[in-house]
Amino acid sequence: MPVVVYGDILSGNCYKIALLFSQLGIAHEWREVLVTRGETRTADFLLKNPAGQIPVVVLDDGTVLTQSNAILHYFANDSELLPADNLLRTRVLEWQFFEQYSHEPTIAVRRFINRFLGLPEARQAEFDAKEAGSYRALDVMEKRLGEHEFLVANRYTLADISLYAYTHVAQEARLDLDAYPGIRRWLNTIAAQPGYIDME
Ligand SMILES: N[C@@H](CCC(=O)N[C@@H](CS)C(=O)NCC(=O)O)C(=O)O
């Protein structure tokens, strides 16, 4: 049995796994699970992940892994994408915690409401409320990327994969990157990495 990924490639959290697997050449089987079809809430899926979220990875011995950034760490261990140095690993984690607390809950949620729900009236206030936080998160990234090629050290790491996932589709959250030249340059740098794959 190969590694099995349960997910939706159009979800940034799932795309992180697809991108890493492509870049590290990790063989896997992708089984589509769509949030919009309610497939993360079936009894069978909840047995795998009681949180009812994708991505989920099942190893060949049946071990289940959840949480996108934790999954990245599991598979990138001992690769050049995860620095061995303790301080640099900590820097990777700093960006990944930032992603999950400040970036994904604003930008990804706006994108979901806009792209997948069609910005319904009932979600407009929530969509609007997340605009300031989205730009605050982009400001933090720009501060770093205006002066450095990558988020950590001078090399491509898991931090870049985690932040790239939703930043490169920010326009689907109706966010404008014109004022972020460092981020725009970095997006092109990431898309030029060996083994890169598009989200769709
Ligand atoms: N912290 C989780 C977040 C996963 C997540 O929010 N997944 C979304 C799709 S992008 C999902 O499954 N949502 C369904 C739900 O929460 O009900 C991770 O990084 O894997």
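Colleague: Why are helix 1 and helix 3 called roughly parallel to each other?

Modeller: The axes of helix 1 (residues 12-24) and helix 3 (residues 68-76) cross at roughly 10° and come within 9 Å. Axes are lines fitted to C-alpha atoms, for helices over the stretch in contact, with angles from 0 to 180 degrees between N-to-C directions. Angles under 35 degrees count as roughly parallel, over 145 as roughly antiparallel, 65 to 115 as roughly perpendicular and the rest as oblique; helix 1 and helix 3 are therefore roughly parallel. This is a predicted model, in which local features need pLDDT of at least 70 and side-chain atom pairs count only at pLDDT 80 or more, while totals for chains, interfaces and linings use all residues. Residues are numbered from 1 along each chain as its sequence is written.

Colleague: Which residues make the contact?

Modeller: Among them are Ile 17 and Leu 20 of helix 1 and Ile 71 and Phe 75 of helix 3, contact meaning C-beta atoms, placed from the backbone, within 7 Å.

Colleague: What makes helix 6 roughly perpendicular to helix 8?

Modeller: Helix 6 (residues 131-145) and helix 8 (residues 181-191) pack at about 75°, their axes 8 Å apart. Helix 6 is therefore roughly perpendicular to helix 8.

Colleague: How do you know that strand 1 and strand 2 pair?

Modeller: Pairing requires that DSSP find at least two bridges; five join strand 1 (residues 3-7) to strand 2 (residues 28-32), and the two run parallel. From strand 1 through helix 1 to strand 2, the chain makes a right-handed β-α-β crossover, a path running clockwise with the strands pointing away from the viewer.

Terms used: Helices (H or I, at least four residues) and strands (E, at least two) are DSSP runs, numbered from the N terminus. Two residues are in contact if their C-beta atoms, placed from the backbone, lie within 7 Å.
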